[in-house]
Structure formats: C-alpha cells, structure tokens
Amino acid sequence: IEPQTRFVRAMIGGSDFVAGGFNRAVYSRRQPGSAFKPILYTTALSTKKFSPATVLPDAPEVFKLWKPSNSGKREFLGPVRLRRALANSINTVAIKLMSEVGVDRVREMARKMGIRSRLTRDLSLALGSSGVTVLELTNAFAVLADQGVYQPPRFIERISGQTIDREHKKNQVVAPEVAFVMTS
C-alpha cells in the first residue's frame, strides 16, 4: 500500500481465486500478536502523559489471575524506556502500558486508524489477541507513515484507461509529531 495515496499495489489473498474466491488479505482475521503494539504505543503518546523516554517496569505482575510473561526465556530488565520496550517488543511493559492508558482508549485509536474488526475489551489486546485483517493492519501502519492521516485503501486507479478521480476522505487521526516519533 502506498501511504500517501493508499493505492494497494500488491495483494496476495490466496493461491487460486477461482477455486476458493476467498481473499484472505481482506476477509480473514488473524491475531496480529506484537504487530498490534504500535497502535497501543501511538495511543499512549497521543495522551501526552507518555513519551518515548517514559520509564515503565519490565517485571512480573499479576492481572486478575493472569501472569503475562515475555516471549522466550528472556530475563526481566527492570525499568525500561517506552522506546526500548516497543523496539524489543516487551510484553510486560505493553500490558502495563495498556492498563495505564485504558483498553477503551486503545480500541478507539485502532478504529480511527482503520481497524474495523471486533477488538476484545481486556489487557490481552496489548499482545494482539484480537483478530484483524491484513488490510486493516497494513492501512493502520500507513496512517503512521502518512504523518497521522487516515484514508481508506484504494484498489482501482483506472478503468478502460480512464483515471478514476474519486474524492477520498482524509482525516488527521494521529498528531503528526506522534506519527513521526512512532515511525522513528
């Protein structure tokens, strides 16, 4: 997808369209896992209560009988800056951040960035537990690459050689400075 125009330049949604007719890139929902974390961090930075330099603990914690851990057998690092936590995809920090930012606020940001799939209302959303489509997640990342501007994906540019010039609504859904920090 081109971030500035949202033209979808390539898409693979299956191996044989005739046999199945089901475009998995558009219709199949999969758990994005840690690929959802940038939406959480975008939400946190947008509140202006957090910055990339904010420190949160990478430590074991229990949330209503759930004791999340980091992937692999990695040791806990103790206090970690948000920039490092996102870069290293630290689960415990993401969950702590989600609990401080609020699940509903993150869900709202995800909607603004183009995710229409049903999102859970619990802390596991920080780890990408809700299914989304590839197209939704790709377009959400394009929002960050386009300085915080949302616009819907575009699939058809020309018909019979004639350019289709449709007005697509563009909305500034993330502050440009937040989008800049997230892409950096």
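Which residues of H3 are buried? They are Lys 37, Pro 38, Ile 39, Leu 40, Tyr 41, Thr 42, Thr 43, Ala 44 and Leu 45, where buried means under 20% relative accessible area with a 1.4 Å probe, protein chains only.

## About the model

This is a predicted model, so local features need pLDDT of at least 70 and side-chain atom pairs count only at pLDDT 80 or more, while totals for chains, interfaces and linings use all residues. Residues are numbered from 1 along each chain as its sequence is written, and side-chain values use heavy atoms, leaving out hydrogens and water.

## A wrapped-up helix

Nine of the ten residues of H3 are buried, so the rest of the structure largely encloses this helix. Its cover includes helix H4 (82-87), H5, helix H6 (103-112), helix H7 (134-145) and H8. Helices here are DSSP runs (H or I, at least four residues), numbered from the N terminus. Just after H3 comes Lys 48, with a positive phi of about 65°.

## H3 meets H8

H3 (residues 37-46) packs against H8 (residues 176-183) at an angle of about 140°, and their axes are 10 Å apart.

On the H3 side, Pro 38, Tyr 41, Thr 42, Leu 45 and Ser 46 meet Val 178, Val 181 and Met 182 of H8; contact means heavy atoms within 4.5 Å. By class, that's six nonpolar, two polar and no charged residues.

## A look at Thr 92

Over in H5 (residues 91-101) sits Thr 92, which counts as buried at 5% relative accessibility. Setting aside neighbours within four places in sequence, Thr 92 touches Pro 57, Asp 58, Ala 59, Pro 68, Ser 69, Asn 70 and Phe 76.

Conventions: Axes fitted to C-alpha atoms, helices over the stretch in contact; angles between N-to-C directions. Helix = DSSP H or I, 4+ residues; strand = E, 2+ residues; numbered from the N terminus. Nonpolar A, V, L, I, M, F, W, Y, C, P; charged D, E, K, R; others polar. Buried < 20%, exposed > 50% of the residue type's maximum accessible area, 1.4 Å probe, protein only.
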